[in-house]
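Subject: Structure handover

Hi,

Here is the structure for you to look at. My notes follow below it.

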Amino acid sequence: MHVRPKKHLGQHFLKEDAIAQRIAEALTHHGGYRRVLEVGPGTGALTRHLLGRKDIDLTGIEVDTESLAHLRAQHPELRLIEGDFLRLDLDALGDGPFAVIGNFPYNISTQIVFKVIEHRDRCTEVVGMFQKEVADRIRAGHGSKVYGITSVLAQAYYDVELLFHVEPGSFIPPPKVRSSVIRLRRNATARLACDEAVFHRLVKAAFNQRRKTLTNALRHFPGLEGGLPPELATRRAEQLPVEAFVGLAALAGTPTC
């Protein structure tokens, strides 16, 4: 059965079998999971390698009806959920840790990361193909021009590792950009030393005006109206490591731990 890539779904189907195998082998059971959620299996290029792993329980989550029919025909043993991963209630899938994997559609890949962060207490590992620029942002360190909201929030909870790059010719249709496969592993920090809701709001507020100094960007942020510590006042958001944002959030809000 032929599956047509659909632009509105951001589909670029991986055609290099060796790359699909490398992605499937990148799962390490970090955090003790057995359940693995594959986001957007598409034509099943990665799926067949994941099904070959007897040490995981795989569930595919696919929104494209044409891909669903293809997957059901090719892999009747695969557990499939029809729906949008971003709208899915992951808590309804059962208890315990899980991993997320996929050749993520470029148009929702950042939102997938934010959904993973929401479920950071249970999602202990992510292996994913991203547009290279997005992968660069997720793993960028402070001081980098691409360091931003995604970098800080992801790195607060996950250790991020570049695995390899993938060229456009490895896909059908070829995208106009390069891709990167990265792995995120839940770090040892169970809870940040601050109110985490305040932390999330503060990071977004600081980077929403990234050209301004923190004094100006956070002038009206609740709890910081009286000013910032002198060592941070003239710095910009992109210059602050994750720990400094945690410290600012603790200063702004009431610590919960």
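Cys-123 is at 1% relative accessibility, and Cys-194 is at 0%.

Before you go further, some ground rules. This is a predicted model: local features need pLDDT of at least 70, side-chain atom pairs count only at pLDDT 80 or more, and totals for chains, interfaces and linings use all residues. Residues are numbered from 1 along each chain as its sequence is written, and side-chain values use heavy atoms, with hydrogens and water left out.

**Helix 1**

Helices (H or I, at least four residues) and strands (E, at least two) are DSSP runs, numbered from the N terminus. Helix 1 covers residues 17-25, and Ile-19, Ala-20, Ile-23 and Ala-24 are buried in it. They sit on the same side of helix 1, because they cover an arc of only 140 degrees around the axis. That arc is taken from the directions from the helix axis to the C-beta atoms. An α-helix has 3.6 residues a turn, so residues three or four places apart point the same way. On the other side of helix 1, Ala-18 and Glu-25 are exposed, that is, over 50%. The cover over the buried residues includes helix 2 (47-51), strand 6 (123-131) and strand 9 (179-186).

**Strand 6**

Strand 6 is mostly covered, with eight of its nine residues buried. Two strands pair if DSSP finds at least two bridges between them. Strand 6 runs parallel to strand 5, joined by six bridges. Met-129 in strand 6 is the bridge partner of Asn-103. With strand 9, strand 6 pairs in the antiparallel sense over seven bridges. There, Val-126 has Leu-184 of strand 9 as its bridge partner.

**Cores**

A nonpolar core is a set of buried Ala, Val, Leu, Ile, Met, Phe, Trp, Tyr and Cys residues joined through side-chain atoms within 4.5 Å. The largest has 56 residues, and those with the most contacts inside it are Val-100, Phe-199, Leu-218 and Phe-245. Another core, of 28 residues, lies apart from it, with Leu-58 and Val-166 among them. Contact means heavy atoms within 4.5 Å. Leaving aside neighbours within four places in sequence, Val-100 is in contact with residues including Leu-37, Phe-85, Cys-123 and Val-126.

Best wishes

Key
Buried means under 20% relative accessible area, exposed over 50%, partly exposed in between (1.4 Å probe, protein chains only).
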